[in-house]
Amino acid sequence: MGLFGNAHTVDPVSAQQDYARLLGHGEQVHAAYLLIRDTMLFTDRRLVLVDKQGITGKKVEYHSIPYRSITHFAVETAGHFDLDAELKIWLSGSPTPIQKTFTKGVDIYEVQAILTQFVAR
């Protein structure tokens, strides 16, 4: 599931309200990122990927990834000619990572720290 696009930060309070129907009782959004049409939510319980599909984006697939199923992850920082940073997440039982691309305006080290906080529990 390699979803590509440029991401930017979303206010966690706004994401909490926008995606309240997806969240369990007491589940809190700690960080959120918006790609072109897709969204990535880091909650206190799981990683939620919101994948809008089709031309209109009316069809939406929601991926709920418990942090315990993440076997490892990698970040690739932006270079001189490649202005985007990349996050790759491997899940148990899947040889292909989930890939997300972030613009220069997003601190990829912050994204890594958030993921580390939840995966390393």
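User: Which residue in S7 is the bridge partner of Phe 73?
Analyst: Ile 89 is the bridge partner of Phe 73 in S7. This is a predicted model, where local features need pLDDT of at least 70, side-chain atom pairs count only at pLDDT 80 or more, and totals for chains, interfaces and linings use all residues. Residues are numbered from 1 along each chain as its sequence is written, and side-chain values use heavy atoms, with hydrogens and water left out.

User: What makes S6 and strand S7 (residues 85-91) a pair?
Analyst: Two strands pair if DSSP finds at least two bridges between them. S6 and S7 are joined by 6 bridges and run antiparallel. Therefore they count as paired. The strands themselves are DSSP runs (E, at least two residues; helices are H or I, at least four), numbered from the N terminus.

User: How do you know that S7 and S8 pair?
Analyst: By the bridge count again: 5 bridges, in the antiparallel sense.

User: Why are strand S6 (70-76) and strand S8 (98-102) called edge strands?
Analyst: The open sheet has 3 strands in the order S6-S7-S8, with antiparallel pairing. S6 and S8 each pair on one side only, and these are the edge strands.

User: Why is S8 described as largely enclosed by the rest of the structure?
Analyst: Buried means under 20% relative accessible area (exposed is over 50%, partly exposed in between; 1.4 Å probe, protein chains only). In S8, 5 of the 5 residues are buried, so the strand is largely enclosed. Both faces are covered: Ile 98, Lys 100 and Phe 102 are buried on one side, Gln 99 and Thr 101 on the other.

User: Why does Glu 27 count as buried?
Analyst: Its relative accessibility is 3%. The cut-off is under 20%, so Glu 27 is buried. Glu 27 lies in the loop between helix H1 (12-18) and strand S2 (29-34).

User: What makes the link between the side chains of Glu 27 and Thr 43 a polar contact?
Analyst: A polar contact is a pair of N or O atoms within 3.5 Å; within protein, one must be able to donate a hydrogen and the other to accept it, and residues adjacent in sequence count only if both atoms are side-chain atoms. The Glu 27 to Thr 43 polar contact is 2.7 Å. Therefore the distance meets the cut-off.
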